[in-house]
Number of protein chains: 2
Amino acid sequence: MGPGPINADPRVLRAMSAQLVGQYDPAMTAYMNETMELYREVFQTANEQTLLIDGTSRAGIEAAIVSLVAPGDRVLVPIFGRFGHLLREIAERVGAEVHVIEREWGTVFTEAEIERAILATKPKLLAVVHGDTSTTVAQPLEGLGELCEKHGVLFYTDVTASLGGNTFAADALGLDAVTAGLQKCLGGPSGSAPATFSPRAVEVIDSRKSIEAGIAGSADEIHATRIRSNYFDLAMIFDYWGEKRLNHHTEATSMLYGARECARLLVDEGITAAVERHRLHGAAMLAGVQGLGLATFGDLSVKMNNVVAVVIPDGVNGDAVRGELLGDFGIEIGTSFGPLHGKVWRIGTMGYNARTDAVLTTLASLEQVLRRQGAVVTAGGGVGAAYDVYEDAR
Amino acid sequence: MGPGPINADPRVLRAMSAQLVGQYDPAMTAYMNETMELYREVFQTANEQTLLIDGTSRAGIEAAIVSLVAPGDRVLVPIFGRFGHLLREIAERVGAEVHVIEREWGTVFTEAEIERAILATKPKLLAVVHGDTSTTVAQPLEGLGELCEKHGVLFYTDVTASLGGNTFAADALGLDAVTAGLQKCLGGPSGSAPATFSPRAVEVIDSRKSIEAGIAGSADEIHATRIRSNYFDLAMIFDYWGEKRLNHHTEATSMLYGARECARLLVDEGITAAVERHRLHGAAMLAGVQGLGLATFGDLSVKMNNVVAVVIPDGVNGDAVRGELLGDFGIEIGTSFGPLHGKVWRIGTMGYNARTDAVLTTLASLEQVLRRQGAVVTAGGGVGAAYDVYEDAR
């Protein structure tokens with residue numbers, strides 16, 4: 001019940017135990033095409049280039065940034081949590097000129113703040129995390145696509161923490177690049193990064209490929225714009241997933257089976273229904289921790305459905321509570337990073353764990369552990385408040 | 001029965017279907033430590049830094065090169081097949097000054113040729129593929145470690161195609177960096193890259209970390225030596241796998257389960273016994289294709305145990321043979337790349353497919369398909385010759 005990775009859906013694990021097939025077996029290329037189609041629905045996009053990057057979610061982030069951004073390009077990163085810092089760092093390593101704006105953890109930016117920064121820095125790329133699990137809040141993306149369109153900026157977001165559990169629609173938001181991971185609301189293991197790229201992004205990426213092929217005059221020019229990674233060269237990855245089927249990496253077959261099954265389950269449930277399920281169980285967990293008398297961290301009006309940050313009460317040893325919950329009750333909740341370290345726990349209700357029994361057993365167990373650790377808690381207050389949410393929804 | 005990816009060992013797939021645990025769950029960190037220990041035995045090394053890179057085998061290659069090589073560093077790549085070209089390309093993208101020597105596909109370099117190139121180019125890193133599946137031959141690595149030691153060169157090899165099926169010992173060969181993949185003789189799926197780094201390599205990598213932290217004077221200096229990738233920054237990956245457990249990527253849990261099981265099975269069988277198994281079934285397959293009257297490609301004295309390149313007979317449609325074998329007999333054999341495209345098939349006997357029944361059914365089926373496609377083949381010649389090899393070994 002942490003902020004992810006979480007228990008995988010058993011159906012995903014079963015799909016991953018299927019025997020391998022060769023990478024150009026018609027069955028395999030059909031799976032690849034099906035996976036592309038399924039993720040178009042998950043991302044709510046018509047983008048042809050909707051595929052998997054073979055690595056964890058940060059592999060998806062690095063692939064997007066290294067392929068879109070050439071050394072010296074300006075990148076704007078609004079930072080409101082740990083993963084904004086990651087976007088900044090990756091863009092810096094790619095050789096970009098990175099500009100950041102920062103907000104206190106637990107808050108998000110207004111559209112006006114982001115527009116001011118765009119005007120001040122004139123970036124090629126706006127790179128913003130959607131939901132930052134480190135703080136539990138999600139940056140509203142509405143309006144940013146129009147801003148980017150207006151100012152000629154490419155618009156990229158990472159939705160690893162939010163996808164499948166919160167309303168999101170890549171095309172409606174005007175996004176050029178979106179990356180994700182399986183280990184949160186998608187209910188799979190870390191190790192495959194679904195991603196989608198708009199025709200405009202594809203044009204930028206492919207232009208770097210054609211320069212590589214020898215169009216530019218001098219070696220320096222080629223050197224300056226060539227994508228700095230082979231593994232994350234999206235132009236090559238597009239040609240591998242596309243009709244050309246040009247060999248690149250050897251697709252990670254079992255992870256593809258898993259990623260495909262994650263999307264299939266989500267599409268089968270219905271994206272809207274899945275988001276509503278996350279909303280319901282997230283609301284029950286939030287009411288539950290409040291019902292136990294615990295305070296929460298962060299602006300609740302922009303909290304993601306699938307995770308809540310709970311302030312560790314004064315005098316309570318946060319690690320001892322986590323240790324007893326895991327060791328004796330078999331329930332894991334999360335610690336925190338950076339400025340929140342030692343101050344809050346993060347409790348997830350996502351993917352396969354967005355279930356009534358998971359919420360109620362967590363709240364029941366947390367109440368017992370907190371009491372044993374000397375905290376004052378309302379007896380039955382957590383489970384009772386969660387039940388109220390469930391009954392209201394019936 | 002292609003050159004990989006091949007059928008995974010069912011025990012590996014079963015291990016991968018285990019439920020996930022959190023990345024700092026004591027069970028998970030224990031699995032990580034066990035995996036390190038198991039791969040020390042597989043690589044035959046005492047290197048502390050023996051771990052998994054979360055991606056396919058080329059992710060391991062890029063992690064090694066981008067972490068060891070700073071822009072402007074000289075790298076020497078002896079190229080004798082497709083994957084030598086890949087090492088060259090990755091080193092170029094990292095900004096290295098790359099020097100290559102090339103040999104005709106199907107042959108390998110002498111130690112003297114490599115020493116001459118080292119003397120001529122004075123590289124920081126010698127990067128050479130061990131077994132190149134594109135040609136089926138393996139570059140002998142004996143003596144190269146001493147050469148590198150003598151000339152102050154870091155010595156790196158990729159053993160994706162050879163590890164587990166051919167004699168290999170990282171420390172005895174004097175290697176500083178070795179990368180691999182699961183999808184060949186290790187009997188697992190693509191998607192995790194076991195790797196090991198000598199103390200000397202770790203020192204080089206860690207020195208780039210400390211510069212990153214602000215030791216260098218100017219921003220340019222920092223920029224010049226900082227590792228150009230976050231995802232492949234081995235200094236950070238060492239701190240994630242080591243005692244510090246500093247959070248980096250979210251370890252790909254299911255792939256780790258799979259990689260651990262691949263190594264466990266190999267260690268359980270015994271590395272020497274596993275190599276001997278590959279030798280035996282590789283010899284049977286070679287004798288079998290020769291017994292059918294087919295010619296082979298490449299220098300057989302340096303052929304890997306686990307794959308053979310078979311010349312497509314005149315007048316036979318290579319793709320039609322492969323199509324009928326796959327479609328009607330359920331047996332996949334490989335096509336080829338580059339100069340060998342359309343000229344040879346590649347047939348593997350590796351990992352879970354290094355088995356008597358797999359060899360005999362392949363030879364029996366190939367005989368039938370070849371006959372139906374108009375080739376002149378010796379009736380029973382393939383299976384008979386393979387049987388002779390097996391009987392000699394009894």
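Biologist: Into which domains is chain A divided?

Modeller: The structure is a predicted model, in which local features need pLDDT of at least 70 and side-chain atom pairs count only at pLDDT 80 or more, while totals for chains, interfaces and linings use all residues. Residues are numbered from 1 along each chain as its sequence is written, chains are lettered from A and ligands numbered from 1 in the order in which they are written, and side-chain values use heavy atoms, with hydrogens and water left out. The domain bounds come from an automatic or database domain assignment. Chain A is divided into domain 1 (10–267) and domain 2 (271–393).

Biologist: How many Å separate the centres of domain 1 of chain A and domain 2 of chain A?

Modeller: The two domains touch: 28 residues of domain 1 of chain A are in contact with 23 residues of domain 2 of chain A (contact means heavy atoms within 4.5 Å). Taken over C-alpha atoms, the separation of the centres of domain 1 and domain 2 of chain A is 30 Å.

Biologist: Which residues in domain 1 of chain A lose the most area to domain 2 of chain A?

Modeller: Domain 1 and domain 2 of chain A bury about 2000 Å² between them, and 68% of it is on carbon and sulfur atoms. Buried area is the accessible area (1.4 Å probe) that two parts lose on being put together, summed over both. Three residues together account for 28% of what the domain 1 side buries, and they are A:Trp105, A:Thr136 and A:Asn166.

Biologist: Which elements of chain A each supply at least two residues of the side of domain 1 of chain A that touches domain 2 of chain A?

Modeller: Between domain 1 and domain 2 of chain A there are 9 residue pairs in polar contact, both at pLDDT 80 or more. Such a contact is a pair of N or O atoms within 3.5 Å; within protein, one must be able to donate a hydrogen and the other to accept it, and residues adjacent in sequence count only if both atoms are side-chain atoms. Helices (H or I, at least four residues) and strands (E, at least two) are DSSP runs, numbered from the N terminus. The elements of chain A asked for are helix H2 (26–43), strand S5 (131–132), strand S6 (137–138) and helix H10 (253–269).

Biologist: Which residue of chain A comes closest to the rotation axis?

Modeller: Chain A is superposed on chain B by a rotation of 180° with 0.0 Å of shift along its axis (RMSD 0.0 Å), with least squares applied to the C-alpha atoms of residues with pLDDT of at least 70 in both. The two copies are therefore related as by a two-fold rotation axis. At 2.4 Å (C-alpha), the residue of chain A closest to this axis is A:Gly55.

Biologist: How much area do chain A and chain B bury between them?

Modeller: The contact takes 56 residues from chain A and 55 residues from chain B. Of the area buried between chain A and chain B, 52% is on carbon and sulfur atoms, and the area is about 4400 Å².

Biologist: Which element gives the most to the side of chain A that touches chain B?

Modeller: Between chain A and chain B there are 28 residue pairs in polar contact, both at pLDDT 80 or more. Two or more residues of the chain A side come from each of helix H1 (10–16), helix H3 (57–68), helix H4 (82–93) and H10 of chain A. With 6 residues, the element that gives the most is H4(A).

Biologist: Which residue forms a salt bridge with A:Arg226?

Modeller: A salt bridge is a side-chain nitrogen of Lys or Arg within 4 Å of a carboxyl oxygen of Asp or Glu. The count between chain A and chain B is 4 salt bridges, whereas the count between domain 1 and domain 2 of chain A is 0. With the closest N and O atoms 3.5 Å apart, the partner of A:Arg226 is B:Glu92.

Biologist: How far apart in sequence are the parts that A:Asp239 and A:Lys209 tie together?

Modeller: A:Asp239 forms a salt bridge with A:Lys209, and their closest N and O atoms are 2.9 Å apart. A:Asp239 lies in helix H9 (residues 234–241) of chain A and A:Lys209 in helix H7 (residues 199–215) of chain A, so the pair ties together parts whose separation in sequence is 30 residues.

Biologist: Where is B:Lys122 found?

Modeller: Most residues other than glycine have a negative phi. Phi of B:Lys122 is near 45°, a positive value. In chain B, B:Lys122 is found in the loop between helix H5 (111–121) and strand S4 (125–129).
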